[in-house]
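Here's a quick look at some charge pairs and a helix packing. Have the viewer open while you read.

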Amino acid sequence: MRSLRRKMNYRGQSIEIFASIGIAYFPDHANTWGDIFRAADLALYRAKHAGRNRTVAFDPAMRIAAEHRFAVLGTVRSALEHDRVVPYYQPEISIETGEIVGFEALARVVGEDGRIGMPAEFVSALEDPDVGRTFGLKMIERVTSDLQNWLAAGLDVRRVAINVSNLELRADDYSDRIIGALQKRGIAYNRFEIEVTETAAFDDNIAAIGRNLCNLAAGGISIALDDFGTGFASLTHLKSLPISRVKIDRSFIRNIVADQESRSIVDAIVRLSHSLGKSVVVEGVEDEAQFAAVRELNSDVAQGYLFSRPVPCEEVATLLLRHTAQRLARPVQREIPDNFGGTVIRKAS
């Protein structure tokens with residue numbers, strides 16, 4: 001590694017070389033050429049996954065992890081082949097009015113036994129380029145189809161957001177695929193949103209990612225920055241990417257009532273976002289105390305179990321109707337000036 005890192009001069013330019021190295025020992029880790037090579041390859045995979053430019057020695061646990069990864073990859077490939085990748089929808093609530101102002105589409109994988117697989121169970125499979133891209137296209141197909149059906153049935157779901165990986169955004173034609181899918185189903189661009197993470201700005205193919213995001217934003221498709229506050233590059237994103245909404249990570253909301261630091265961070269993010277003309281969504285609101293806290297800090301939209309868990313597309317209509325009925329049944333607080341220049345808060349059904 002020290003030898004490789006020595007700078008070289010070539011035609012007047014200084015060149016640096018970096019490497020990821022996987023190491024396996026004979027006979028400690030294997031006793032045949034094929035097995036020792038596979039052990040070193042697993043160690044190399046771990047070196048790359050850990051951030052590259054490092055050496056990693058093989059550990060037997062890597063083989064167990066690899067077998068699990070291959071099993072998960074097989075499960076997701078089977079789900080894609082048999083159309084068992086489905087979106088579940090979680091509502092986003094206007095903090096000011098209490099209305100549902102949109103939904104986030106969250107990917108689920110249905111097993112052969114009918115069990116619903118959560119993202120943590122299959123996300124490793126999406127690192128495979130072919131599987132990751134196919135998975136993303138399947139989600140776009142399902143979500144736009146659901147959105148078309150809801151609108152045709154007279155259900156105003158406002159807008160639906162979908163999570164997009166850097167792997168998908170690297171494709172030169174990604175924005176064309178999104179726009180084409182919306183045009184095919186007659187869906188207005190402002191009814192669709194994509195959510196990206198901060199790693200987008202540090203991807204090797206940032207040029208292609210930037211072009212896709214700018215093309216989508218120019219067409220009126222909203223771009224949201226997900227999990228804001230969990231990394232060091234978030235401020236760079238707000239300046240360099242066409243972000244219209246900021247989603248504050250649930251880790252800050254979890255302790256917002258008891259932890260002053262979390263509350264201060266959320267307050268700072270809300271103020272910064274609003275000063276830049278971005279609206280703010282808070283994720284992970286699970287109880288009334290948390291909701292009261294984010295409302296006091298002037299957040300715009302809330303999302304979390306307090307309002308609803310993610311539901312399949314068949315239950316969205318019922319969720320909309322139930323939420324509307326509950327909102328209309330709740331007392332509404334109104335501010336009425338009194339005769340002494342103050343304000344009296346009265347409740348009216």
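This is a predicted model: local features need pLDDT of at least 70, side-chain atom pairs count only at pLDDT 80 or more; totals for chains, interfaces and linings use all residues.

Numbering starts from 1 along each chain as its sequence is written, and side-chain values use heavy atoms, with hydrogens and water left out.

A search of the whole structure turns up 19 salt bridges, meaning a side-chain nitrogen of Lys or Arg within 4 Å of a carboxyl oxygen of Asp or Glu. Here are some of them:

| Pair | N to O distance |
|---|---|
| Asp35 and Arg38 | 2.6 Å |
| Lys247 and Glu104 | 3.1 Å |
| Arg115 and Glu121 | 2.6 Å |

Aspartate 35 and arginine 38 sit three residues apart in helix α1 (residues 33–49). Lysine 247 in strand β11 and glutamate 104 in strand β6 are 143 residues apart. Helices (H or I, at least four residues) and strands (E, at least two) are DSSP runs, numbered from the N terminus. Both lysine 247 and glutamate 104 are buried, and they belong to a salt-bridge network that also includes Glu92 and Arg245. Buried is under 20% relative accessible area, exposed is over 50%, and partly exposed is in between (1.4 Å probe, protein chains only). Arginine 115 is partly exposed at 47%, and so is glutamate 121 at 35%.

Now the helices: the axes of α6 (residues 174–184) and α7 (residues 206–218) come within 8 Å and cross at roughly 25°. That makes α6 roughly parallel to α7, a label for angles under 35 degrees. Axes are lines fitted to C-alpha atoms, for helices over the stretch in contact, with angles running from 0 to 180 degrees between N-to-C directions.

Note on methods:
Angles under 35 degrees count as roughly parallel, over 145 as roughly antiparallel, 65 to 115 as roughly perpendicular and the rest as oblique.
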